[in-house]
Structure formats: C-alpha cells, structure tokens
Amino acid sequence: MTELFGTALSNANARELPRLGKKRKVLASWRLSLALLLLSFVPVIYAKKCGGTAYEWWRDDIQSGNRAFLVELEMRGGAVLCLSKGFGSSTELLDPVIRSIMHTANFDQQSKMPCSVLGGYISPNVDINIPNGTTASTARRRLLTGEEDICAASRPDLNTCKYPMQDELGQWSWGGIAYQIGQVNGNCTTPDEEKDGAVCHENARNELQHDWKHSPVYGGDEISCDEVDAKNTRYLSGVLFSQAPLLDDMKYPMYMVSSEVDRLAALDDTRNAGLQYAREMKGENGCDAEIVYEFFPKPGGGISVSLSQVMGCTIPEDENKEECKRKSRAIADSTSAYISNDVVVVPVKQSTLRESQYLPVRPNCDQGTNSTTIKMSTQFICAATGERINITSVKMSQAGSPDNQLFDAGGKRVVEISRDQSNPTTFQFDPANPSDCWYKNSCGGWSFGPGFSFEMDAASAPESCGSFYWDPLILSVAGDGMAASVKASSGANESPTALQGFSVLLTITALNFLL
C-alpha cells in the first residue's frame, strides 16, 4: 500500500515538473536580466580591467593619504609615476610627483610639478587649481610636512603651471638623481648599442639580460589593471619591479607601496624576497623606492661592486647640451661623502641644486646647507643566515690635477671614505680650485664622475652564503612645495565615498536577485 501510494505521488509530481520547470526558467531569466541590468550601472572601479579614465581612477579610487602608481615600458626597462594624494580634495596631487626609470643596472629619478602631471596626463581637459600667493598654507602640501614650512613654497610665479625656464629652455622637471651599478665582480652593465645591448661595451664583453618585469607587491590588495591603449598599467596597491642584468652576479627587485598598511603587509609576506632587509625610507610624500640588490659571490668567494652617480638635467639635453652639462658638472663638483652609523651618506650643495632647477637660492633655506641624494649601507647581508657583514673596503673617486702625483693621467684617484661628518671626502680634491680633467677626454683619454666602490674579500663573502642583499636608499629631489587639484567647476570634488557606496548597494541588490 505504501509503495502504491508513493508511486501515485511520484507520478503526479512528474506530471507537474514540466509546468514548474517553465515557470522557474522564466523567473530565473527575469531575475538574471534584472541583475545584469543593475550591475551595468556599477562603475568600473570594481572591474579587473581598466574601464574608466585615469582621472576617474585618481578621483574615485585612491584614498587621501595613499599613493597610486602608473607604470609604462621605456627603453630596456620601464618607468613609474608615484602619485601621492592629499586631503584637500578628492583630486589633490601633492608635490612633487616622482618619476622613476629603471633599465638594466641604471636608476633615474625625476621630480615633477603636480599641476603639469594632473593637467598633462591624468586629466588634460580640466582646469588646474593652483594655489596663488606665497602665504598659502604648505602644511598639507606634502604628506610628511606636519607644520608650516617656510621653505616649501618657493616657485617665483605661483599663478601659472610652468617651470621657471620652461618657455626659454624647455625645462620639464626639477631634476633628480641618476646612478648606475657599473660593474659587479668585474662584469660591466653598460650595454653595447651596436650589439643590440646583448653584451657589455667594455673589454669583458659579458652578456647582459634585459628581462624587466612588474607586478603587484605580495601581501597587499594586489590591485592593478592595464589601460585600454595598453601603454600604462595602473596600480592601486603596491608595485614590484624586477630585473636580472647579470644572471651570475646581480639581480634586484624594487618595491613601492601605497600606504604604511600596505608596507607592513608586504613585510609579512615571505614571497617579497629581501624586503625584510630594506631600511625604512621616508621619500617625498612616501614615494619610497625600496631597491634590494642581490649580489652573488665570485667562485671561491668575494664580491666587488662599483656605483656611479650624477644628477639629471632639468632641461632637454640634446637641445641645450652645454647648459645641461654645466649644471650637472656643478652638482658633481659639490658632491661629498662620509660614513655614519654604517651608512655612506652622499650630499650635494643645496644652493647648487637649486640653481640647476632655476629656482632662487634663499639665504635662510639653501645657503650653506646640503641635500642628501643617496644613502648606502656599509654592510652586505648574508642570504643564508641573515647576518650583516661589514664590507671590507668602501671607497670614493676624487678629481684632481694630473700634475699632482697622487692622481693618474686622467686626474683621478680612489680613496677610502671619511668617517668624520665634519670633514667629508669631497669629489673635488681641492673644492676651492676644482679640476676640470674629470670630464675632459683630453686629459687622460677618458672621463669619470663621482663613483663608489665596495669590496668584500673571500673570507667576508663566502660562497656558502649563496648571495648577499644590499639596499641603497634613494632620496628624491624636492619640488616647489605646491600641490594641485582640479577646480570644483569641473566636477572634480564629487564624493568618491557616495559613488562607491552606491556601487556597493547596486552590487548587493543584484546579488540578491541572483540568489
């Protein structure tokens, strides 16, 4: 009886299934259509691919106090713009904007005007709101400026978005440091252009690799997308760059993070190789560049590394070659170095740097002061043990007269760096009577600039360590202290919070229809 009763119910249900199936299909189709319609109104900020403009991305997605990054390929590497957002409005871009370029073993930094970046790339069709008057508050112009800074706002004309010599000489930046790891263990890193850059141009003719990559930093939000034209990649979270120009001798990652929270998360993730050994930097507006070089010892042990430094031109070099060289040489002549607390500190004269930027030298801010360009540890870190090991020899090149028996025919010698900050090692042996032999090939048949050499003997750098980490700290050149934002009339100050909240509401409603 139970079996017959059960069979009768089953047959009845079977007859109802086609009709119920059709109703459910219609209902499901209607709910799906409505959900898709709602989701179509959700802004592209939640899409994996860049669907909006760079301006919308900057205005709506980036939190005040955080950084964002725009990455593009360039030469045999790439470049990244570090954009730091202020608290003044939903579009405020702080000064300076830092552009870093990496290729092979070269690293260049340029500091740029926020108004020129905001108006020239992020949103070319909007007006720029430049604070006028030298009395404008500078306390919020930089993330790291906690109080009024009388030396921050310094551009003579604050009513235009132009560099001081933009019209006359084509000035395009405030300049910045350019340095190169010139050789590691006797293998050089300067590509021979006639050989497609596949080998070094010096006598060793060693092979070079140009496999430059970028990706999100591990541990953070890891949010990035490619723009429609595929020219740039936007990073909302931290970005990691990697390069291995000398496979058997050197490779390096460079880390940039969007916030302190992002940095701490990255430090906790062991996939970020070597980051735990990087010293905390305080670059302009938090645009830190955590470069962690990994050097491999020579067969039998020992490491040698050479680094050279110059300051980049603020004007187009090809069109103003002599003017560019004159400014760059003046900065080189003012370069010095000293060792303090296991760190090589390399300053240049602030007044000379300001002159290269075509900014006035201010007696109370620039005269008699120095600006540090780079800091380098006097220790390498053994990868196998994490131990910091003192570098055996740390030296700097000096320029002098070839008539002086202390110098070679090119007017060069290499000396141990001073450990007395009050008496640093100067690039010019006699700063009061600088030699010009270092940039004249007529002296010895070659030229050179401020350079540094680091040597570790076999006992200090054994092969058993596997490799050694080293993290020079690059300090950006300050700009004129003036932030920029889009005028309210262009719709720039629309609340990103409201927009994102509406997006969340639409998304949740759509999901409810699907469930």
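## Cavities and rings

Met-311, Gly-312, Cys-313, Thr-314, Ile-315, Cys-324, Lys-327, Ser-328, Ile-331, Ser-356 and Tyr-358 line the largest cavity. A cavity here is a set of points, on a 1 Å grid over the protein atoms alone, where a 1.4 Å probe fits but cannot get out, and lining residues have an atom within 4 Å of a point. The model is predicted: local features need pLDDT of at least 70 and side-chain atom pairs pLDDT 80 or more, while totals for chains, interfaces and linings use all residues. Residues are numbered from 1 along each chain as its sequence is written, and side-chain values use heavy atoms, without hydrogens and water.

Helix 6 (residues 321-333) gives the largest share of the lining of the largest cavity, four residues. The count comes to two cavities of 30 Å³ or more, where a volume is the space filled by probe spheres set on the points.

| Cavity | Volume | Lining by class |
|---|---|---|
| Largest | about 70 Å³ | six nonpolar, four polar, one charged |

Among the residues lining the second largest cavity are Arg-263, Asp-288 and Glu-290.

Now to the rings. The structure holds 15 aromatic pairs (ring centres within 6.5 Å; planes under 30 degrees apart count as stacked, over 60 as edge-to-face, the rest as tilted). Tyr-293 and Phe-295 are stacked, 5.9 Å centre to centre with 5 degrees between the planes. Ring pairs also link both into a cluster with Tyr-252, Phe-380, Phe-454 and Trp-470.

How values were computed
Phe/Tyr/Trp six-rings, centres within 6.5 Å; stacked < 30°, edge-to-face > 60°. 1 Å grid on protein atoms, 1.4 Å probe; cavity = no way out; pocket = protein on both sides within 12 Å on 5 of 7 lines; lining within 4 Å. Helix = DSSP H or I, 4+ residues; strand = E, 2+ residues; numbered from the N terminus. Nonpolar A, V, L, I, M, F, W, Y, C, P; charged D, E, K, R; others polar.
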